[in-house]
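Here is a short briefing to read beside the sequence and the model. It goes residue by residue first, then turns to helix packing and cores.

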Amino acid sequence: MALLNRMDWYDLARTTNWSPKYVTESELFPPELSGDHGIPMEKWETYDEPYKQTYPEYVKVQREKDAGAYSVKAALERSQIYERSDPGWLTVMKQHYGAIALAEYSASSAEARMMRFSKAPGMRNMATLGSMDEIRHGQIQLYFPHEHVSKDRQFDWAAAPAGVDERLV
């Protein structure tokens, strides 16, 4: 069976708006959360997201990115980066991991709100993939410093803002 090109079906697949029957539009998309600025639903439905991606495409690209990131991590560990780094650089690494994991989590939460409350179907699709991407970034920022916790407890700062107790991991 021949597969259709993505652009032959994408617009139809992402058109997920419906007419609510049991709630009003303002209950489904509260203005204070949807930020609709008084724009009618018909206009929101014409929003054309800047990048078009399907879930299988997203997974393929992210798998390739993860392979690269984890390869770099493995190479750095083989080079004994922790043991050979200047104490000042280790401090910068601790601060980075302490700040960035929380920022990535916050970004995933913002994307999730757009995923739920955006009136534009294309924007909801884009935010779904964006939220997953930010969660993945946050997981990387928690995983990378984890192996250094046994060498220096300050590396658990990466997990502390996210409410993770490193002693339990």
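**A buried loop residue**

S118 sits in the loop between α7 and α8. Helices here are DSSP runs (H or I, at least four residues), numbered from the N terminus. This is a predicted model, where local features need pLDDT of at least 70, side-chain atom pairs count only at pLDDT 80 or more, and totals for chains, interfaces and linings use all residues. Residues are numbered from 1 along each chain as its sequence is written, and side-chain values use heavy atoms, with hydrogens and water left out.

**S118 in its surroundings**

- S118 is buried, because its relative accessible area is 4%. Buried means under 20% relative accessible area, exposed means over 50%, and partly exposed lies in between (1.4 Å probe, protein chains only).
- Leaving aside neighbours within four places in sequence, S118 contacts F29, R113, M123 and R124. Contact means heavy atoms within 4.5 Å.

**Helix α5 against helix α8**

- Helix α5 covers residues 55–78 and helix α8 covers residues 121–146. Their axes come within 12 Å and cross at roughly 15 degrees.
- That angle makes α5 roughly parallel to α8. Angles under 35 degrees count as roughly parallel, over 145 as roughly antiparallel, 65 to 115 as roughly perpendicular and the rest as oblique.
- Axes are lines fitted to C-alpha atoms, for helices over the stretch in contact, and angles run from 0 to 180 degrees between N-to-C directions.
- From α5, the contact uses Y55, Y58, Q62, K65, D66, A69, Y70 and K73. From α8, it uses L129, M132, D133, R136, I140, Y143 and F144.
- The residues of this α5–α8 contact divide into nine nonpolar, one polar and five charged. Ala, Val, Leu, Ile, Met, Phe, Trp, Tyr, Cys and Pro count as nonpolar, Asp, Glu, Lys and Arg as charged, and the others, Gly among them, as polar.

**Nonpolar cores**

- The largest nonpolar core has nine residues: Y82, L90, M93, Y97, I140, F144, V149, F155 and A158. A nonpolar core is a set of buried Ala, Val, Leu, Ile, Met, Phe, Trp, Tyr and Cys residues joined through side-chain atoms within 4.5 Å.
- α7 (87–117) and α8 each supply at least two residues of this core. α7 gives the most, with three residues.

- K151 is in the segment after α8. K151 counts as partly exposed because its relative accessibility is 37%.
- Not counting residues up to four places away in sequence, K151 touches E77, Y82 and E83.
- K151 and A110 are 41 residues apart in sequence and 34 Å apart in space, C-alpha to C-alpha.
- E57 is in helix α5. E57 is partly exposed, with a relative accessible area of 28%.
- E57 touches R6 and K52, not counting residues up to four places away in sequence.
- E57 and G68 are eleven residues apart along the chain, and their C-alpha atoms are separated by 17 Å.

**Positive phi outside glycine**

- H37 is in the loop between α3 (31–34) and α4 (41–44). Its phi is near 55 degrees, a positive value in a residue other than glycine. H37 counts as exposed, at 72% relative accessibility.
- Q80 lies in the loop between α5 and α6 (81–84). Phi of Q80 is near 60 degrees, a positive value in a residue other than glycine. Q80 counts as partly exposed, at 37% relative accessibility.
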